[in-house]
Amino acid sequence: MTFDADELENGARAATGLDDFGSPYYREGLDRIVDALNTEADLNDIGQVIQHATISNALIQRLKVEDTYRRHPEIDDEVVDGPVFVIGLPRTGTTALSQLVAADPQFRSLRTWESQAPTPPPESATQHTDPRIAQTEASLKMLDDMFPLMKTMHNSEATAATECQDLMGMSFRTFHFDGAVRAPGYLSWLMDCDMRETYTFHRRVLRLLQWHCPPTLWHLKTPVHMFALDALVAAYPNAKFLWSHRDPARVLGSVCSLIQYVRSWSSDRNDPHELGAEQLDSWVEAIRRAMDFRCRMGSDGGQDRFADISFADLQTDPVRTLQAGYERLGLSFTDAASNAVRQWAQGHKPGSRGAHDYDLAEYGLTSEEVRERFADYLAAYDATA
């Protein structure tokens, strides 16, 4: 199979009966990832099916979002509050931290089932019985059956909070694609592309999701936001951040192991040392950009945007750790929040889904090398656990 952007668009039009993709901004990213799939990804047969479905769904959802706005322009009047974003290197407890925040009833979180299919907009009365929940559960069950090791690396549930990379994927500017396939050319372009409209479309989807299904104070999560915080804050001027910290030398092996496994679904190519060098370079740059952004925000009193969360503290006392983060950001930690967060933590103890085994050396990296590359970060933050 050779991927063709025009054919993918036409397929999405045929599947929906719709024609308007909105701003043409998305097309450059689509062209870039299509080129990478054709020339860099070394896709196997299953990979061709997976990536065709991924891109097709992003185009279909973009068409449906634009059509919903066309029929209901009043959605544009919705105000997205916050949001509070969970950021940090992957494998630093960002998922657990995100689920703890999602348990707090004052927040609206992006759930897996609505991330993959945000239209029609969810309704408060049916948000727990929406048929998309069962459809997503079936898809996740099939994924678990096909790729059973994934459960030990990353847990996904239909009704649980998820990363917001699907929303960025509708603009075809997200590191989610690079996580699924080898795409160095796309990754190089993505590092320096203009992300502003990616986040305005991201906000467009949030407005649609909250329209009939509040609350409007959002919590969102993905480590890749660290690459483009200026563009994020341009779309969300009141954004605040819970930043999780952990020793990068204990993180990178886990990151590489996860990406190696996910990429193995779509390609038989396996070069661990290439992957290790790529991921080290990428996440060093993400941290550099995030630290620079935070420094610039601090110069004008913006430091109250950030609360630092130690991975070790999150493991040992998640409720108190989250409460301290809330206080730093000026958020209310009510009794209802405390009880809900405690209940989630008690039901999701660290290591309860099995052990994820990995070896940093397999990826051509040493702890000393990783820590040297992250020296400025380690000097600035409690990231020793």
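Colleague: Does Pro-318 count as buried or exposed?
Modeller: This is a predicted model. In it, Pro-318 counts as buried, because its relative accessibility is 17% and the cut-off for buried is under 20%.

Colleague: Which helix is Pro-318 found in?
Modeller: Pro-318 is found in helix H16, residues 318-329.

Colleague: And what is Pro-318 in contact with, leaving aside its neighbours within four places in sequence?
Modeller: Leu-100, Asp-313 and Ala-345.

Colleague: How far apart in space are Pro-318 and Ala-160?
Modeller: They are 18 Å apart, C-alpha to C-alpha, and 158 residues apart in sequence.

Colleague: Now the sheet. What is the order of the strands?
Modeller: The order is E2-E3-E1-E4-E5, in an open sheet of five strands with parallel pairing. E2 and E5 (306-310) are the edge strands, as each pairs on one side only.

Colleague: How many bridges are there between E4 and E5?
Modeller: Five, with E4 covering residues 240-245. In one of the pairs, Phe-241 has Phe-306 in E5 as its bridge partner.

Colleague: Which strands does helix H14 lie across?
Modeller: H14, residues 272-298, lies across E4 and E5, and runs at about 135° to E4. Helix H4, residues 94-103, lies across E1, E2, E3, E4 and E5, at about 165° to E3.

Colleague: What do the buried residues of H11 pack against?
Modeller: The buried residues include Tyr-199, Phe-201 and Leu-206. Among the elements that the buried residues of H11 pack against are helix H3 (45-71), strand E3 (217-221) and helix H12 (229-235).

How values were computed. Residues numbered from 1 in each chain as written. Predicted model: local features only at pLDDT ≥ 70, side-chain atom pairs only at ≥ 80, totals over all residues. Heavy atoms only, no water. Buried < 20%, exposed > 50% of the residue type's maximum accessible area, 1.4 Å probe, protein only. Helix = DSSP H or I, 4+ residues; strand = E, 2+ residues; numbered from the N terminus. Contact = heavy atoms within 4.5 Å. Pairing = 2+ DSSP bridges. Axes fitted to C-alpha atoms, helices over the stretch in contact; angles between N-to-C directions.
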